[in-house]
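Let's take a walk through a protein model together.

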Amino acid sequence: MDSGSCHHAPKTISFHYLPLPSNLITPTPLFRMATASAPGRPGPDSLRFGIVGGNSQGHFVMQRSDRQTGELILVQSLLGPQNVEVEVDMSEYLDRTFQAKHVSKITIFVSPYAF
């Protein structure tokens, strides 16, 4: 219970698979992350979104779309066929104190075709 690395480990990890046509027009939102609070429990008062892996070519950005939601945006077209893996995270804070981290691992299958 006192381990800092355990406390900062992801609370949830989800896996998502997206098919895309080759050379998709950009910018294009691909994926959304959001939080929700259980009834009667306070939700986080601050969220931070980020890309933590798979963006070495700079094809993606993560941006906030509203107070509770972040979006993964494709900013540079991908040519197919190829598979691209991107890992994004959302960290929750309450009174500036870290509460939880959620990770989504996204595999994108880029078609050789533009349709």
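Is F109 buried, partly exposed or exposed? With a relative accessibility of 37%, F109 counts as partly exposed. Keep in mind that this is a predicted model.

The structure contains three aromatic pairs. In one of them, Y17 and F109 are stacked, with 6.3 Å from centre to centre and 15 degrees between the planes. Y17 belongs to strand β1 (residues 12-20) and F109 to strand β7 (residues 97-110), so this pair ties together parts that are 92 residues apart in sequence. Y17 counts as exposed, because its relative accessibility is 54%. Another of the pairs joins Y113 and F115: their planes make an angle of 25 degrees and their centres are 5.4 Å apart, so these rings are stacked too.

| Residue | Relative accessibility | Class |
|---|---|---|
| Y17 | 54% | exposed |
| F109 | 37% | partly exposed |
| Y113 | 48% | partly exposed |
| F115 | 77% | exposed |

The ring of Y93 has the charged end of R48 sitting over it, 4.4 Å from the ring centre.

**The sheet**

Now for the strands. In general, strands of a sheet pair through backbone hydrogen bonds, either parallel or antiparallel. In this model, four strands make an open sheet with mixed pairing, and their order is β1-β7-β6-β3. Which strands stand at the edges? They are β1 and β3: each has a single partner strand, so one side of each has no neighbour in the sheet. From one strand to the next, the twist averages 25 degrees.

Let's go across the sheet in that order. β1 and β7 run parallel and are joined by nine bridges; L18, for example, has I108 in β7 as its bridge partner. Next, β7 pairs with β6 (residues 82-94) in the antiparallel sense, over 13 bridges. Here E87 has K105 in β7 as its bridge partner. The hairpin of β6 and β7 has two residues between the strands, and D95 takes a positive phi near 55 degrees there.

**Inside the core**

What about the inside? The largest nonpolar core has 19 residues, and F60, L72, V88 and I108 have the most contacts inside it. At least two core residues come from each of β1, β2 (28-34), β3 (46-53), β4 (60-66), β5 (69-74), β6 and β7. Which strand gives the most to this core? That is β6, with four residues.

Beyond residues up to four places away in sequence, V88 touches several others, including F31, M33, I51, M62, L72 and V103.

**One last stop: A100**

A100 is found in strand β7. Why does A100 count as buried? Its relative accessible area is 7%, and buried means under 20%. Leaving aside neighbours within four places in sequence, A100 is in contact with K11, M90, S91 and E92.

Conventions
Residues are numbered from 1 along each chain as its sequence is written. This is a predicted model: local features need pLDDT of at least 70, side-chain atom pairs count only at pLDDT 80 or more; totals for chains, interfaces and linings use all residues. Side-chain values use heavy atoms; hydrogens and water are left out. Rings of Phe, Tyr and Trp (its six-membered ring) pair if their centres lie within 6.5 Å; planes under 30 degrees apart count as stacked, over 60 as edge-to-face and the rest as tilted. Buried means under 20% relative accessible area, exposed over 50%, partly exposed in between (1.4 Å probe, protein chains only). A charge sits over a ring if NZ of Lys or CZ of Arg is within 6 Å of the ring centre and within 35 degrees of the ring normal. Two strands pair if DSSP finds at least two bridges between them. A nonpolar core is a set of buried Ala, Val, Leu, Ile, Met, Phe, Trp, Tyr and Cys residues joined through side-chain atoms within 4.5 Å. Contact means heavy atoms within 4.5 Å. Axes are lines fitted to C-alpha atoms, for helices over the stretch in contact, and angles run from 0 to 180 degrees between N-to-C directions.
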